[in-house]
Structure formats: structure tokens, C-alpha cells
Amino acid sequence: MIQRAVMNNFAKIKGTEIAPREPAPPGPGRRPANWRQSKWLMVGELVIGVLICIAHVRHFNVLGKTPWLLLLGSISLWVRKIGWRGVGLTRYRSWKITLLLGVAAGFALETFQLFVSQPLLVRFLGKQPDLEGFRALTGNLKLTLIYLALAWILAAFGEEMVYRGYLMNRVADLLNRTPRAWIVSLIVVHVGFGLAHVHQGLTGVIDEGLMGLLLGLIYLRTGRNLSVPIVAHGVQDSIDFVLIFLGKYPGM
């Protein structure tokens, strides 16, 4: 200590000062682990998510997959002290821009699906997506209004929060959130999103997987904002149900 004080006094004369030596940081083995960022926790959540989807496909899931996945995501974000806002549940720049972009994206996605992706898939696979479960909406205003409400609650809000907000981020977390991790996340999650529509047949699986992929790109392009894809998803599904109600949906 006396030697360092002498050296510092001499250094002041020269216009510099020797800073006290900082203690070396603890090594990785001695640093306390943050269990909230554990890879095992990530894997465990993803396994539970897969089991929820399998239960849905096998009709063991009374409420459907989305509410359970939403609950899983909410618990995960709460435990990790992030919250839905932390994965993008907020307006994009302003509400005006959010709504304009969302509505425009919704119409663009619907146009692409009706006039490009779906006709091409039908041509190559020889089958329309199986939408028999929605046939009862044709000419039935009351049922159509109920389905429109469910489309915004379960599909637009629920699926965007689950697939884009929770699952895409969780897969990216598992791969350390590198640019490559987001690409892998985009592909893996939307393969799962397509398979979640297995009741629509192979055409529906591929088409819905592609639509989910495009919504995922919108999520990433808007700086991982959920509001724009939520609006886009809701607008697209609303157009679908209106067309089914009018008896104008292709193949129905």
C-alpha cells in the first residue's frame, strides 16, 4: 500500500495516476447460475408445448391447444420476469401506423393465399383444404359473428402471442438468439404451426404453415412487434369467414 501511494504521487506529477487493481471476476465455475435462463427450462417448456399439441391432435384437449399454450407462455414470461410486453405486445410506433400496416398486411396475405399459394397447392396436390367444419357458417349470420369473435380472440391474439411471441422467442433463446437462431426458430415454429392445422388435410397444413411463416417474417421485420401480425391475422381470418358466409370461398 505504501509503495502504491508513493507511485501514485509520482504519477500525479507526470499527469497520470495508477488506478487501483480491480479484483479478477469470478470464473464461470464460481459464478452463480441463473436458473431462469437455464437451457433445461427452455427444453422443458418446449416439450410441454409439444405434448399440448399432441393432446390436441388426439382430441384429449377439451379447450383446444391455444389456451393451454397461452397459459404456458404466460407462466414462462412471468417466471422469467419478462411479460408479454417484453416479447412485443405493444403498438408499433403509433396506433395509426400499427393499424394501417396490420390491415394492409392482412389484405396482402389473404390476396396471396386466395390467388397464389392455395391455387398452386390445389393444382399440385389435387385437393382443396378441408374446411368442412366451417360449412355451417354459410348464410348463418349469428354463427358467423360468433366465429369472427373467436377468430380475433383465439386466432389473432391467441395464436400470435403463442407462436410468434412465445414459441419463436423460446426457440431462439435455446440457440442463443443469434441471427441464425431466429432463422431456425422461424422455420421450426411454423412447421409446427402448419401441423397444428392437420384437420385441414395436407393442403391446409402447407398453406397455413406458409401463412404463419409470413406472419413470423412480419413479426421480425417490425422489430419483433406483435400488434401488426395480430391485426393482420385478424383481418385475414375475418375476410375468410365473410367469404364463407357469402358462399364465395373457393372450393366450398
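The side chains of Asp 173 and Arg 80 meet in a salt bridge, with N and O 3.6 Å apart. A salt bridge here is a side-chain nitrogen of Lys or Arg within 4 Å of a carboxyl oxygen of Asp or Glu. Asp 173 lies in helix 5 and Arg 80 in the loop between helix 3 (65-79) and helix 4 (95-125), so the pair ties together parts that are 93 residues apart in sequence. Helices are DSSP runs (H or I, at least four residues), numbered from the N terminus. This is a predicted model, in which local features need pLDDT of at least 70 and side-chain atom pairs count only at pLDDT 80 or more, while totals for chains, interfaces and linings use all residues. Residues are numbered from 1 along each chain as its sequence is written, and side-chain values use heavy atoms, with hydrogens and water left out.

Are the two partners buried or exposed? Asp 173 is buried, with a relative accessible area of 12%, and Arg 80 is buried at 8%. Buried means under 20% relative accessible area, exposed means over 50%, and partly exposed is in between (1.4 Å probe, protein chains only).

Asp 173 also forms a salt bridge with Arg 177, where the closest N and O atoms are 2.6 Å apart. Arg 177 is partly exposed, at 35% relative accessible area. These residues belong to a network of salt bridges that links Glu 45, Arg 80, Arg 170, Asp 173 and Arg 177. The structure holds six salt bridges. One of them joins Arg 135 to Glu 132, with 2.7 Å between the closest N and O atoms. Arg 135 is partly exposed at 37%, and Glu 132 is partly exposed at 48%.

Now follow helix 5 itself. At its start, a side-chain oxygen of Asn 140 reaches to within 3.4 Å of the backbone nitrogen of Lys 142. Helix 5 covers residues 141-174 and bends by about 35 degrees at Glu 159. The bend at a residue is the angle between axes fitted to the seven residues ending there and the seven starting there. Helix 5 is followed by Asn 176, whose phi is positive, near 70 degrees.

Ser 185 is in helix 6. It is buried, at 0% relative accessibility. The side chain of Ser 185 reaches the backbone oxygen of Met 168 at 2.7 Å. Not counting residues up to four places away in sequence, Ser 185 touches Leu 167, Met 168, Val 171 and Ala 172; contact means heavy atoms within 4.5 Å.

How do helix 6 and helix 7 lie? What is the angle at which their axes cross? The axes of helix 6 (residues 179-195) and helix 7 (residues 201-221) come within 8 Å and cross at roughly 145 degrees. Axes are lines fitted to C-alpha atoms, for helices over the stretch in contact, and angles run from 0 to 180 degrees between N-to-C directions. Among the residues of helix 6 that meet helix 7 are Trp 182, Leu 186 and Phe 193, and on the side of helix 7 the residues include Val 205, Gly 209 and Leu 213.

Last, Gln 128 is found in the loop between helix 4 and helix 5. It is partly exposed, with a relative accessible area of 36%. The C-alpha atoms of Gln 128 and Gln 118 are separated by 7.9 Å, and the two are 10 residues apart along the chain.

Key. Helix = DSSP H or I, 4+ residues; strand = E, 2+ residues; numbered from the N terminus. Polar contact = N/O pair within 3.5 Å; in protein donor to acceptor, adjacent residues only side chain to side chain.
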